[in-house]
Amino acid sequence: MKLLPLTPQDKDFWFSLNTHGNPETFFNHIAAQTAYILWEDTVPVGLMHHCILWEHLPFLNLLLVAPEHRRKGLDAKAMGLWEQEMKAQGFAMVLTSTQADEEAQHFYRCLGYVDCGGLVFHHTPLDQPLELFLYKVLPLTPLKQTPAATPFQLEDYMMQKPYVTREPQPERNRVCYNVDGVLFAVITLDQNNQPVYITLKVPPEQGEALRSQYEDVIHGLYGSPLHRSSIKIGGSVPEVLLKELVNQSYQFSFKRIPLKRRVELLNR
């Protein structure tokens with residue numbers, strides 16, 4: 001994917017997605033160099049726009065991906081490219097916002113954004129649900145685009161965690177991973193015993209956000225599909241995000257271990 005500055009030639013595509021814009025602001029974006037078109041090879045797939053607050057804080061106003069290109073992880077890639085661009089321009093932090101009743105908040109949190117407050121516009125001309133604000137401190141060195149995790153990398157990563165055991169269940173074509181006997185991950189195998197999906201504990205709102213962003217995330221194949229998500233191994237979900245989800249599921253299961261037993265484990 002490429003993130004290229006907006007040009008006059010992009011006008012038709014811009015307004016095909018951004019139906020609330022107007023020609024004056026379009027050309028203002030070009031002059032200020034604060035808007036971009038997202039490209040996959042030679043195909044425009046989305047757009048972004050930001051402004052600069054207080055001369056030192058980029059605020060992302062708009063991120064839109066064309067409907068036919070959604071659920072492919074393109075918006076997460078676009079955010080990574082935009083963050084790299086802001087870092088290259090010398091900014092140390094970025095900011096964005098979304099309404100409290102919108103799913104985008106879970107998407108941003110998955111990317112490492114942190115809630116930092118909200119605005120209430122009740123009984124005003126701009127009446128709407130609470131506007132949530134989220135920030136992210138940019139790393140000191142640019143993040144590399146990380147590929148999806150391979151099955152062996154994923155298993156090694158899980159087995160390095162404390163108190164984890166591996167439980168093959170060939171009769172059910174799966175391998176279970178437990179932390180002190182509490183299940184936190186299941187890898188589903190195909191007919192050739194090759195890993196296909198990993199099922200993890202994921203909160204319902206986060207699971208819905210992930211499914212809306214990645215076509216390789218589905219409802220959990222095991223347990224409660226509402227509280228679990230299954231992710232295709234080697235698919236569109238980046239390795240760094242998959243590892244974060246593994247960590248989260250591990251923590252959920254570790255907290256289910258009785259307190260007395262947890263204390264015993266931690267004092268070993």
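# Rings, cores and loops in a predicted model

Author: In this predicted model, the charged end of Arg 174 sits over the ring of Tyr 222, at 4.7 Å from the ring centre.

Reader: OK, and which other ring has a charged end sitting over it, the one with Lys 161?

Author: That is the ring of Tyr 250, where the charged end of Lys 161 lies over the ring, 5.3 Å from its centre.

Reader: How many aromatic pairs does a search of the whole structure find?

Author: The search of the whole structure gives nine aromatic pairs. One of them joins Phe 184 and Tyr 250, with ring centres 5.5 Å apart and planes at 85°, and since pairs with planes over 60 degrees apart count as edge-to-face, this pair is edge-to-face.

Reader: Where in the chain do those two sit?

Author: They come from distant parts of the chain, 66 residues apart, with Phe 184 in strand β10 (residues 182-189) and Tyr 250 in helix α7 (residues 239-254).

Reader: Are Phe 184 and Tyr 250 buried or exposed?

Author: Both Phe 184 and Tyr 250 are buried.

Reader: And what about Tyr 250 and Phe 254, how are their rings arranged?

Author: The ring centres of Tyr 250 and Phe 254 are 6.3 Å apart and the planes meet at 15°, so this pair is stacked. Both residues belong to helix α7 and are four residues apart, which is about one turn of the helix. Phe 254 is buried, as is Tyr 250.

Reader: Why would residues four places apart point the same way?

Author: An α-helix has 3.6 residues a turn, so residues three or four places apart point the same way.

Reader: Which residues form one aromatic cluster?

Author: Trp 14, Phe 15, Phe 26 and Phe 27 together form one aromatic cluster.

Reader: Let's zoom out, what is the protein chain made of in helices and strands?

Author: The protein chain contains eight helices and 13 strands, and its C-alpha atoms fill a box of roughly 65 × 40 × 35 Å along the principal axes. Of its 268 residues, 43% are buried.

Reader: How many residues are in the largest nonpolar core?

Author: The largest nonpolar core has 51 residues, and those with the most contacts inside it are Met 48, Met 79, Trp 82, Phe 184, Ile 198 and Leu 200. Apart from that core lies another, of 12 residues, among them Leu 6, Trp 14, Trp 39 and Leu 62.

Reader: What does Ile 198 touch, if I don't count residues up to four places away in sequence?

Author: With those left out, Ile 198 touches a list of residues including Leu 154, Met 158, Ala 185, Ile 187, Ile 231, Leu 242 and Val 246.

Reader: And where is Tyr 197?

Author: Tyr 197 is in strand β11 (residues 195-201). Leaving aside its neighbours within four places in sequence, Tyr 197 is in contact with residues that include Val 186, Thr 188, Asp 216, Leu 221, Ser 230 and Lys 232. The C-alpha atoms of Tyr 197 and Leu 221 are 8.8 Å apart, although the two residues are separated by 24 residues along the chain.

Reader: New topic, helix α3: why does its length agree with what it should span?

Author: Helix α3 (residues 74-88) has 15 residues, and at 1.5 Å a residue it should span 21 Å, which agrees with its end C-alpha atoms being 21 Å apart. Its buried residues include Leu 74, Ala 78, Met 79, Trp 82 and Met 86. After α3 comes Gly 90, which has a positive phi near 100°.

Reader: What about Glu 85, where is it?

Author: Glu 85 is in helix α3, and with a relative accessible area of 29% it is partly exposed.

Reader: Which phi does His 123 have?

Author: His 123 has a positive phi of about 60° although it is not a glycine. As background, most residues other than glycine have a negative phi. His 123 lies in the loop between β6 (114-119) and β7 (131-137), and at 79% relative accessibility it counts as exposed.

Reader: And Asn 173, what is its phi?

Author: Asn 173 has a positive phi of about 55°, although it is not a glycine. Asn 173 is placed in the loop between β8 (164-169) and β9 (174-179), and with a relative accessible area of 35% it is partly exposed.

Definitions and conventions. Residues numbered from 1 in each chain as written. Predicted model: local features only at pLDDT ≥ 70, side-chain atom pairs only at ≥ 80, totals over all residues. Heavy atoms only, no water. Expected span 1.5 Å × (residues − 1). Buried < 20%, exposed > 50% of the residue type's maximum accessible area, 1.4 Å probe, protein only. Phe/Tyr/Trp six-rings, centres within 6.5 Å; stacked < 30°, edge-to-face > 60°. Lys NZ or Arg CZ within 6 Å of the ring centre and 35° of its normal. Core = buried A, V, L, I, M, F, W, Y, C linked by side-chain atoms within 4.5 Å. Contact = heavy atoms within 4.5 Å.
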